[in-house]
Amino acid sequence: MNTYKKYNNILGWATALAAFIVYLLTLEPTASWWDCGEYIATAYKLQVGHPPGAPLFQLLGRFFSLFAFGDTSKVAMMVNAMSAMTSAFTILFLFWSISHLARKIISPDESPRGNNIIIILGSALVGALAYTFSDSFWFSAVEGEVYAMSSFFTAIVFWAMLKWEQKADEPHSEKWIILIAYLVGLSIGVHLLNLLAIPAVAMIYYYKKYK
């Protein structure tokens, strides 16, 4: 593993861990004012929420609610912790997406070295932390709402498309396209917001394949 790749991985995980700790420390201990109470209750009891529904969110919410170990006063906190975890992974894939794009601008033809590593990873760190502490994202990261997990799916879909773009000329690169289709399908079980990633995915594919 070269120096840039090693530091890119380490700093990405460190940024995600920092975000996760912040979100846990500021976690909503119970249900927030709006749809969160409904989502937490329907996840805990595996019931039907309001249309169009969020079956994947509720299944995962049910899994996290098991860590309340029968204490119903802690169920909401466990579902909120799920949002904190998925939000931290959003920051991880955002970091790697920014570093990928910055590398294409600063050092497109070779592995970055010296000051270029600092510039690329510094850009990714600033961008990821800015989103970590942005008002709307921080709010969704500490409560039992679907937007945190939906943001995670958007982030990982876009990152996966950048990975495909990097390996598009290699054999079996289409596995990334299959993964993206699978993730988009899963995301519909959380929120339809992830469909907005499809135009970006289509543009990356088009500009990679056609001049």
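Analyst: Contact means heavy atoms within 4.5 Å. This is a predicted model, in which local features need pLDDT of at least 70, side-chain atom pairs count only at pLDDT 80 or more, and totals for chains, interfaces and linings use all residues. Residues are numbered from 1 along each chain as its sequence is written, and side-chain values use heavy atoms, with hydrogens and water left out.

User: Start with Gln-58. Which residues is Gln-58 in contact with, leaving aside its neighbours within four places in sequence?

Analyst: They are Thr-42, Ala-43, Leu-46, Gln-47, Val-48 and Gly-49. Gln-58 itself lies in helix α3. Helices here are DSSP runs (H or I, at least four residues; strands are E, at least two), numbered from the N terminus.

User: How do you know whether Phe-57 is buried?

Analyst: Its relative accessible area is 0%, so Phe-57 is buried. It also lies in α3. Beyond residues up to four places away in sequence, Phe-57 touches Tyr-39, Val-79, Met-82, Gly-144, Glu-145, Val-146, Met-149, Gly-189 and Val-190. Trp-159 is a separate matter: the C-alpha atoms of Phe-57 and Trp-159 are separated by 21 Å, and the two residues are 102 apart along the chain.

User: And Ser-65? What makes it buried?

Analyst: A relative accessible area of 3% makes Ser-65 buried. Ser-65 and Met-78 are 13 residues apart in sequence, with C-alpha atoms 5.4 Å apart in space.

User: What makes α3 oblique to α4?

Analyst: Axes are lines fitted to C-alpha atoms, for helices over the stretch in contact, and angles run from 0 to 180 degrees between N-to-C directions. The axes of α3 (residues 55-65) and α4 (residues 75-106) come within 8 Å and cross at roughly 120°. Under 35 degrees is roughly parallel, over 145 roughly antiparallel, 65 to 115 roughly perpendicular, and the rest oblique. That angle therefore makes α3 oblique to α4.

User: Which residues of α3 and α4 meet?

Analyst: From α3 come Phe-57, Leu-60, Gly-61, Phe-64 and Ser-65. From α4 come Val-75, Met-78, Val-79, Met-82 and Met-85.

User: Why are α7 and α9 called roughly parallel?

Analyst: Helix α7 (residues 146-167) and helix α9 (residues 197-209) pack at about 5°, with axes 10 Å apart. The two are therefore roughly parallel to each other. Among the residues that meet are Thr-154, Phe-158 and Trp-164 in α7, and Ala-197, Ile-204 and Lys-209 in α9.

User: Now the rings. How many aromatic pairs does the structure hold?

Analyst: It holds 21. Rings of Phe, Tyr and Trp (its six-membered ring) pair if their centres lie within 6.5 Å; planes under 30 degrees apart are stacked, over 60 edge-to-face, and the rest tilted.

User: What makes Tyr-23 and Phe-137 an edge-to-face pair?

Analyst: Their ring centres are 6.2 Å apart and their planes stand at 65°, so the pair is edge-to-face. The pair links distant parts of the chain: Tyr-23 is in α1 (residues 3-25) and Phe-137 is in α6 (residues 135-141), 114 residues apart. Both Tyr-23 and Phe-137 are buried.

User: What is Thr-132 in contact with, and how do you know whether it is buried?

Analyst: Leaving aside neighbours within four places in sequence, Thr-132 is in contact with Ala-19, Tyr-23, Ile-91, Phe-137 and Trp-138. Its relative accessible area is 1%, so Thr-132 is buried. It is found in α5 (residues 115-132).

User: Which residues have a positive phi, other than glycine?

Analyst: Phe-69 is one of them, with phi near 55°. His-172 also has a positive phi, near 65°. Most residues other than glycine have a negative phi, and most peptide bonds are trans. Phe-69 lies in the loop between α3 and α4, and His-172 in the loop between α7 and α8 (174-187).

Conventions
Buried means under 20% relative accessible area, exposed over 50%, partly exposed in between (1.4 Å probe, protein chains only).
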